[in-house]
Amino acid sequence: MVNLQSAEAVARNTQFSIAPGDPLPFGATITPDGINFSVYSRYGTACTLVLFQRGEREPFVEIPIPPDYRVGDVFPIKVTGLDPREIEYGYRLDGPDAPEAGHRFDPSCILLDPYAQAVGGREIWGKHFDPDNQFQHRARILDTKSFDWGMDRPLNRPIEDTIIYEMHVRGFTRHPSSKVEHPGTFDAIRERIPYLKELGVNAVELMPVFEFDEFENSRRNPETGELLLNYWGYSPVAFFAPKAGYAAAETPGTEVNELKTLIKDLHANGIEVILDVVFNHTAEGNENGPTISFRGLDNAIYYILTPDGYYYNFSGTGNTFNCNHPRVRPFILDCLRYWVSDYHVDGFRFDLASIMTRDVSGMPLPDPPLLREMVDDPILGRTKLIAEPWDADGLYHLGSFPAYGRWAEWNGKYRDTMRQFLKGDGGQVRAVANAVIGSPDLYPGRGPIATINFITAHDGFTLLDLVSYNEKYNVMNYEESGSNDNLSWNHGAEGPTDDPEINALRQRQIKNALAMLLVSQGVPMLLMGDECGRSQRGNNNAYCQDTEISWMDWTQHGPNLDIFEFYKAMVAFRQAHPVLRGGYFLRAEDYLGTGVPDITWHGMRAGKPNWSRESRILAFMLNGDYGKGGLMPDDWVYVAFNMHWKDHTFELPHLPEGRAWHLFANTGDPANTWHWPGTEPRLGAQKKLRLKARSTLILVGKWG
């Protein structure tokens, strides 16, 4: 390291000068009289600021921060005479090298600032880094307040009115068929906003956009030599910085404005932005992983460690972020506040969120301070908070994630129940009824707004693969990965087939799944590409596939036009009917005195549901007078699921005088599958209807 005397000499002999800095805010902040640098390290004994000219391999100066500049556990320094647009920076931290005590200080490593708002070195996706460059990720300094947001603000849509489209930034437009100017980028999504509006979804959930290391766990396809990358992005490097490789322009820092412009334009089109965030681990891995940032700054603070200094691996990726440590909690909150205030995001989905309930020794907490602080934080006060309520070590919080009146959960039980019912398993009817009304068994005091309903997601089969494969086919991952318990059914042939009957049945089952999801109380989440029959060729864990396996093939809209049009109609149907979007549980009671309960259950005979284990049939009717608890009266809605392998006749429930049943959808009638909401024709027969095997019927009770 450079000693203090030489640092002072360097400052005297150059055009910049140094002075004591302000300990807050952390990170690098442009001030009227220079740049303020501030970094925290409790156990570090000395800190050196390392400055690079942008893009240069070697630093042009290293400035040891004088001991008397230190404030508590913070190393602040102010440097004047620098052009923030032309420099990159990092830190060297000295301290004990005692892994058994949790300390892994190494002053030979140049460390990334945890508060870096932009990171250089990886501007081009998948471009292999220089192996001789020891500092691959470089913090950059931006004037992040210069972006013109105009009147834009987070949309704050009620969560029960939200329809989420889960998507991957790169995969959405990377395929040549997307025909966008800059495939696989933030800007490319902007080009496709009209498509998202056509779908009718009103929220996008972006898989990780924080700067991550796509080369983590990379390896080559032994047959083609093609590099397998960490495509999904669940390997965070910098929590405050958007992924530079997702920018259309290679100019440093453009990813910031491109992402902000995307969010602004999505908001202008009524679409919220939810970020999939990863606070459960980092890209540094276990003791054999790279030192990028947190390990070298304060390993014992940022990670949950065993008593002998090794890493607890509750994330399944080598390390576990120490979320409830008194110092790490403010870091996470600062990060979330930053994305809400500086990027106007509308919500967050927390990957492996149960890790955020663990204490500093890894034990689950009944009242995790981090989660409570998120809920009570004034900046996050109207932000959507969605938990993946489990972790990789068996901690399972489905239905019991600490909610504090705010948290929603990915409902894995909903997914499994609907998949089993879809393929005709017995003993599911009561569970389906429970799922349809928002899972009151899981969320008795929270209401249907607590459940994020989904049948497919990025992790698992696509909807087409769910009805096309009995087994996973992950051989192209060149490792053992992915779940073996997919609750899927190939309908008579494994994978693609030319059999018209099998293909027709698969198409009907896809429609059935979409219908189930979009008539259920709660918040539906749809997977990118399910609307056009996207397949991953049976791969149910395509995290390393930056290939056509993962990309959305836009040419599939043609052969799957029927699914695409049905998808749009189902989304529009949900948007048109507030009776499907209640904020409170249906009670099967007539508490408003309308003459009919808010929901009634039926089977082949009206008012006679069959709850037996052998039953594969369920129907229900929603009293439109109870739309939004009576605040938004609606048409009445009748839904019948026949997941049996035989056709059946359904007796229709009686409507109040003056109303009649109109046909919205019948997935079993290929000539008359659906009608656009508001154009539903009146049924000729108002008392009974024959429903084809494995099909869904949706009727609307209108006046006239």
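**Core and barrel**

The largest nonpolar core holds 186 residues, and those with the most contacts inside it are Phe37, Tyr165, Phe350, Met374 and Trp407. By nonpolar core I mean a set of buried Ala, Val, Leu, Ile, Met, Phe, Trp, Tyr and Cys residues joined through side-chain atoms within 4.5 Å; buried is under 20% relative accessible area, exposed over 50%, partly exposed in between, with a 1.4 Å probe and protein chains only. Helix 7, residues 328-343, gives the most to this core, with 10 residues. Helices (H or I, at least four residues) and strands (E, at least two) are DSSP runs, numbered from the N terminus. Apart from that core lies another, of 16 residues, including Trp661 and Leu699.

This is a predicted model: local features need pLDDT of at least 70, side-chain atom pairs count only at pLDDT 80 or more, and totals for chains, interfaces and linings use all residues. Residues are numbered from 1 along each chain as its sequence is written, and side-chain values use heavy atoms, with hydrogens and water left out.

Now the barrel. Eight strands close it in the order 12-13-18-19-20-21-22-23, with parallel pairing; two strands pair if DSSP finds at least two bridges between them. Strand 12 (residues 164-167) and strand 23 (residues 523-527) pair in the parallel sense over three bridges. Glu166 has Leu527 in strand 23 as its bridge partner.

Finally, the whole chain. It comes to 13 helices and 30 strands. Of its 704 residues, 62% count as buried. The C-alpha trace spans about 95 × 60 × 50 Å along its principal axes.
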